[in-house]
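Please consider the sequence and structure shown below.

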Amino acid sequence: MTNDQWTSVDSYLADLLVSEDSILVAVHDANAAAGLPSIDVSPVQGKFLMLLAQISGARSVLEIGTLGGYSTIWLARGTPVDSRIVTLEAEPKHAEIARSNFGHAGLADRIEIRIGPALETLPQLAQEGAGPFDLVFIDADKRNNPHYLEWAMKLTRPGSIIVCDNIVRDGQVADQGTSDPDVRGVRRFLEMTAEDERLDATAVQTVGSKGWDGFSIARVR
Ligand code: SAM
């Protein structure tokens, strides 16, 4: 199967099952106009996150890696109106666009953006007594995934869900000799997930408009 086929199947599924509304289309337009990289989750993945939040009854969500807030909006849509969404973003320009997108989506009062490297904002959150979060979505710099897992464990409770994006990386994840720091970060993250007796986890490969990749999902026991 070729990349073109994955992409056309993704479009077919997205058109049939997801049909982005004008708000989500506007997010893509605003992100593109601001020159943000097109590395947000795909529409089918975004809706998957929304459903996961709904199915798990999440009322508090922590996202690491906001970009323009496309995935954040899907996550927020899967939670009740009185829920709390905190999203962490290192790049002030990305955060500015995301904030504007949240305003247009009518979600500004429910989503808090923390600007700065997540390894600085996560300890601040913990110090403030934030959490426990019901759902954590990890989607930032992959080399730091092992640290993000450690923080996620501190900021969750039994029953919480931890989802991590981009764990296949065009198949590189299976290369145990890799020197790529991001792939090494993903591999260490997966090993830590497997070794941690507090977690029940799996990972799923995906193909689609974002190429060959995948996500892991873990439930805190
Ligand atoms: N979750 C977003 C979505 O699907 O719409 C996409 C996030 S994008 C893949 C990764 C984001 O993480 C980028 O905006 C990048 O600036 C941010 N990022 C990278 N390193 C970071 C760090 N150390 N702390 C916080 N954010 C970081």
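A backbone N or O atom of A118 lies 2.9 Å from a nitrogen atom of the ligand, a polar contact in the sense of a pair of N or O atoms within 3.5 Å.

| Residue | Protein atom | Distance to a ligand nitrogen atom |
|---|---|---|
| A118 | backbone N or O atom | 2.9 Å |

Taken alone, the ligand exposes 600 Å², of which the protein buries 89% (Shrake-Rupley areas, 1.4 Å probe).

The model is predicted: local features require pLDDT of at least 70 and side-chain atom pairs pLDDT 80 or more, whereas totals for chains, interfaces and linings use all residues. Residues are numbered from 1 along each chain as its sequence is written, and side-chain values use heavy atoms, with hydrogens and water left out.

The ligand is surrounded by 22 residues, the closest being V41, S71, E89, H94 and D139; a residue belongs here if one of its heavy atoms lies within 4 Å. By class, this shell comprises 11 nonpolar, five polar and six charged residues, with Gly counted as polar and Asp, Glu, Lys and Arg as charged. Helix α4 (70-77) and strand β2 (84-89) each supply at least two residues of the shell.

Helix α7 (residues 145-154) is mostly covered, with seven of its 10 residues buried, that is, under 20% relative accessible area (1.4 Å probe, protein chains only). The buried residues of α7 are N145, P146, Y148, L149, W151, A152 and M153.

Methods. Polar contact = N/O pair within 3.5 Å; in protein donor to acceptor, adjacent residues only side chain to side chain. Helix = DSSP H or I, 4+ residues; strand = E, 2+ residues; numbered from the N terminus. Buried < 20%, exposed > 50% of the residue type's maximum accessible area, 1.4 Å probe, protein only.
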